[in-house]
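Please keep the picture in view while reading.

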Amino acid sequence: MVWKIFHYKKTTSTNDVALEQSSTAGGKFVIVAETQTAGRGRRGRVWHSLKGNLFFSAVIPYPIQQCGTLVMLCSLSVLQTIKALCPTAYVQLKWPNDILLNNAKVSGMLLEKGEKNFMIVGIGVNISQCPDKSQLLYPITSLADAGIKTDCNTFLNLFLHILDKNLATNNIFAIRQQWLENVKGLNKNIIVRQEKGSIKGIFLGIDEKANLLLNTENGLQKIMVGDVFYD
């Protein structure tokens, strides 16, 4: 089924529009905005929507029970899009759903439940610029900073083509293995910051629901929510 793409000059958040339209949608579609006045990221954080960057929400019929697999598929697709534009780019994944370029965040995503059987994947990609780095948790970059020349429409169309191919993959084990091959920090010490404190341990991978597996001094822990920092 072909993607329907709806372009907006300005929205509060592309996920907001996607949620509203998912109640009457008949198939997968994308909401794209030039500007967001209330863009948001994980855990209630603000997503800074700077001019020239890409903000969109892909709305996909997908079982909510497999939302972890969908996050893996979408983050892999962003990584592969960047690699398709620049095969020599140093791109990695960061649990749970960030993409790193030269060890700095270039893209993030927010997964939300839509109406009916739809899942909404809101994605931001720093195409031409990035926010004030001093006000953010992690190092951040843009494609332009790395010398990768593209525009929002080119990136989006290539991403959707790659995502379609990945969605056709029914082997969840293979998807997880591919994700692990591209993630930063595997089998190394990491720190996971949560609301009630930090946990340190060795990053062993993820389970079938994309929970992080951390080998700590108190044994193996499954972590659903947190921010990863590298030791």
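The questions below concern a predicted model, and each answer sets a value against the meaning of a word.

Q: Why is strand β10 called largely enclosed by the rest of the structure?
A: A residue counts as buried when its relative accessible area is under 20%. Four of the five residues of β10, which covers residues 212–216, are buried, so this strand is largely enclosed by the rest of the structure.

Q: How do you know that β9 and β10 pair, and in which sense do they do so?
A: Two strands pair if at least two bridges are found between them. Strand β9 (residues 197–206) and β10 have four bridges and pair in the antiparallel sense, with F203 standing opposite L214 in β10. The hairpin of β9 and β10 has five residues between the strands, and A210 takes a positive phi near 70° there.

Q: What makes β10 and β11 a pair of strands?
A: The requirement is at least two bridges, and β10 and strand β11 (residues 219–223) have five, in the antiparallel sense.

Q: Why are β11 and β12 said to stand at the edges of their sheet?
A: The open sheet of five strands has the order β11-β10-β9-β8-β12, with antiparallel pairing. β11 and β12 (227–230) each have a single partner strand, so one side of each is left without a neighbour in the sheet. From one strand to the next, the twist of this sheet averages 45°. Within the sheet, strand β8 (residues 189–194) runs antiparallel to β9 and is joined to it by six bridges, and I190 has G201 as its bridge partner in β9.

Q: What makes β1 and β4 edge strands in the sheet of seven strands?
A: This open sheet has the order β1-β2-β3-β7-β6-β5-β4, with mixed pairing. β1 (4–11) and β4 (91–94) have a single partner strand each, so one side of each is left without a neighbour in the sheet. The twist here averages 20° from one strand to the next.

Q: How do you know that helix α1 packs on this sheet?
A: Contact means heavy atoms within 4.5 Å, and helix α1 (residues 14–22) touches β1, β2, β3, β6 (104–113) and β7 (118–125), while its direction makes about 145° with that of β2. Helix α2 (residues 67–85) also packs on the sheet, touching β3, β4, β5 (98–101), β6 and β7.

Q: Which residues touch the most other members of the largest nonpolar core?
A: Such a core is a set of buried nonpolar residues joined through side-chain atoms within 4.5 Å. The largest holds 49 residues, of which I82, L143, F155, W179 and L212 touch the most other members, and α2 gives the most to this core, with eight residues. A second, separate core of eight residues includes V17, I31, V59 and F118.

Notes. Residues are numbered from 1 along each chain as its sequence is written. This is a predicted model: local features need pLDDT of at least 70, side-chain atom pairs count only at pLDDT 80 or more; totals for chains, interfaces and linings use all residues. Side-chain values use heavy atoms; hydrogens and water are left out. Buried means under 20% relative accessible area, exposed over 50%, partly exposed in between (1.4 Å probe, protein chains only). Helices (H or I, at least four residues) and strands (E, at least two) are DSSP runs, numbered from the N terminus. Axes are lines fitted to C-alpha atoms, for helices over the stretch in contact, and angles run from 0 to 180 degrees between N-to-C directions.
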